[in-house]
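Student: Please take me through this model by question and answer, beginning with the terms that the answers will need.

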Amino acid sequence: MTTKTTTIGILGAGQLARMLALAGLPLGLRFVVLDPAPDACAAVVSTHVVGGYGDRETLSRFAGMVDVVTYEFENVPAESVNYLAERVPVYPSPRALAASRDRFAEKSLFVELGIPTPKFIAVDGLDGLRAAVSEIGLPAVLKTRTLGYDGKGQSVIKRDDDIEGAWARAGGAPCVLETFVPFTREISVVVVRGRGGETRFYPIGENTHSGGILRHTVCCLDDPAQSAAEGLASRLLEHFGYVGVLALELFEVDGKLMANEMAPRVHNTGHWSIEGAQTSQFENHVRAVAGLPLGGTGAVCRSAMVNFIGTIPDAAEVLSVDGAHLHDYGKAPRPGRKLGHATVCGDSEGAVEAGLNELLRLTRNC
Ligand code: AMP
């Protein structure tokens with residue numbers, strides 16, 4: 001019996017799209033990626049439509065080539081997603097995308113759903129920022145409402161003297177001011193929900209950021225925060241009637257969780273799952289959007305993931321680390337750019353910690 005091949009369209013053709021395609025090709029799925037960059041790194045494993053996300057002719061051509069659409073980043077114009085959604089199914093729903101694109105909308109949704117989040121206020125001008133600082137207190141973090149990722153568009157305000165500089169750095173864009181959280185650790189929960197509502201959670205990740213960019217994640221087995229994190233993410237899944245992978249980033253303070261942000265897509269803090277879980281986040285996302293049964297999300301080993309940012313060590317050096325697996329995204333080096341990652345797997349916490357430290361040393365040397 002022959003069945004029709006499902007073609008998944010992905011908005012964006014960076015490393016997340018590339019890993020989605022790499023996971024889906026063995027299942028018989030095919031991929032068309034839309035991205036204005038001619039050298040986008042997912043192009044080697046998919047059909048690449050080169051064009052702007054806001055260009056109707058491009059969107060119409062793209063929609064005609066695919067059975068279902070998903071996306072690898074939040075900043076796709078809302079009108080474009082809505083235009084596509086009138087022609088083909090879009091998963092996760094455009095409503096989830098809209099909520100995550102604007103930090104104020106996102107945090108307001110957290111409040112509506114009873115998900116604890118740092119105190120926040122929308123800010124539209126310097127006077128408003130001063131008033132918000134009086135209300136929230138210092139230290140606080142100013143973040144642009146849209147287009148912020150990897151710490152871009154963010155400033156920590158420690159003293160009144162920092163206010164003007166922070167506002168200037170935001171470049172006049174609408175912002176939110178939020179309490180600076182003295183967290184004990186940052187964690188994230190990654191979850192997948194299928195078209196029929198079947199839901200599977202991955203073990204949480206403990207994340208280390210520097211300069212606002214994720215540096216490494218350790219997969220935590222049997223963590224005491226697992227069930228509370230799952231409970232918070234479940235509220236979002238139910239609210240959106242969600243389909244696909246969702247990540248919720250959380251601060252842990254005095255044993256309690258507060259949501260920082262959600263990502264309606266596969267997430268950097270879930271990359272360990274390629275080697276560390278029964279089914280990777282990438283495979284489960286494409287299974288979900290294609291309407292296929294989901295795979296297990298349990299860990300098959302202990303694991304940790306290290307990002308290669310700005311530069312990438314030699315493959316031979318990475319692969320000489322016991323239990324390490326390399327993912328080179330094939331991107332041109334540029335300061336602050338995520339060029340690849342490595343996951344180290346082991347059968348004990350000690351073995352993974354040793355491998356993680358070796359990988360971190362490589363990131364410092366290269
Ligand atoms: P974001 O772009 O909101 O994910 O922020 C990037 C990183 O900046 C986070 O992972 C934290 O390490 C840090 N950060 C963001 N917001 C806060 C906050 N309100 N308090 C303390 N650290 C924060």
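Tutor: A residue is called buried under 20% relative accessible area, exposed over 50%, and partly exposed in between, with a 1.4 Å probe and protein chains only. The model is predicted, so local features need pLDDT of at least 70 and side-chain atom pairs count only at pLDDT 80 or more, whereas totals for chains, interfaces and linings use all residues. Residues are numbered from 1 along each chain as its sequence is written, and side-chain values use heavy atoms, with hydrogens and water left out.

Student: Is Leu25 buried, exposed or partly exposed?

Tutor: Leu25 is placed in the loop between helix H1 (15-24) and strand E2 (30-35); helices (H or I, at least four residues) and strands (E, at least two) are DSSP runs, numbered from the N terminus. Not counting residues up to four places away in sequence, Leu25 touches Arg30, Phe31 and Val45, where contact means heavy atoms within 4.5 Å. Because its relative accessibility is 29%, Leu25 counts as partly exposed.

Student: How far apart in space are Leu25 and Gly137, C-alpha to C-alpha?

Tutor: Along the sequence, 112 residues separate Leu25 and Gly137. Their distance in space, C-alpha to C-alpha, is 51 Å.

Student: Which residues does Ser273 contact, leaving aside its neighbours within four places in sequence?

Tutor: Ser273 belongs to helix H9 (residues 273-276). With 1% relative accessibility, Ser273 counts as buried. Ser273 and Thr343 are 70 residues apart in sequence, yet 8.8 Å apart in space, C-alpha to C-alpha. Beyond the excluded neighbours, the contacts of Ser273 are Tyr202, Thr279, Ser280 and Gln281.

Student: Is Arg364 buried or exposed?

Tutor: Arg364 lies in helix H12 (residues 349-365). Arg364 and Phe308 are 56 residues apart in sequence, and their C-alpha atoms are 9.8 Å apart in space. With a relative accessible area of 62%, Arg364 is exposed.

Student: What is the omega value of the cis peptide bond from Leu138 to Pro139?

Tutor: Pro139 lies in the loop between helix H6 (126-136) and strand E6 (140-144). Another cis bond runs from Tyr91 to Pro92, with omega near -10°, and Pro92 is in the loop between helix H3 (78-85) and helix H4 (94-101). For the bond from Leu138 to Pro139, omega is near 0°.

Student: What is phi of Asp254?

Tutor: Asp254 is found in the loop between strand E13 (244-253) and strand E14 (256-263). At 70% relative accessibility, Asp254 counts as exposed. Although Asp254 is not a glycine, its phi is positive, at about 50°.

Student: Where does Asp222 lie?

Tutor: Asp222 has a phi near 55°, a positive value in a residue other than glycine. Its relative accessibility is 79%, so Asp222 counts as exposed. The position of Asp222 is the loop between strand E12 (213-219) and helix H8 (226-240).

Student: What distance separates the centres of domain 1 and domain 2?

Tutor: The domain bounds come from an automatic or database domain assignment. That assignment gives domain 1 (7-90), domain 2 (119-179) and domain 3 (185-365). Taken over C-alpha atoms, the centres of domain 1 and domain 2 are separated by 34 Å.

Student: What is the radius of gyration of the protein?

Tutor: The protein has twelve helices and 17 strands, and 55% of its 366 residues count as buried. The radius of gyration is taken over C-alpha atoms, and the globule rule is 2.2 Å times the number of residues to the power 0.38. For 366 residues, a compact globule would have a value near 21 Å, which agrees with that of the protein, 20 Å.

Student: What share of contacts between residues at least 6 apart in sequence joins residues at least 24 apart?

Tutor: The C-alpha atoms fill a box of roughly 70 × 50 × 40 Å along the principal axes. Among the contacts in question, the share joining residues at least 24 apart is 61%.
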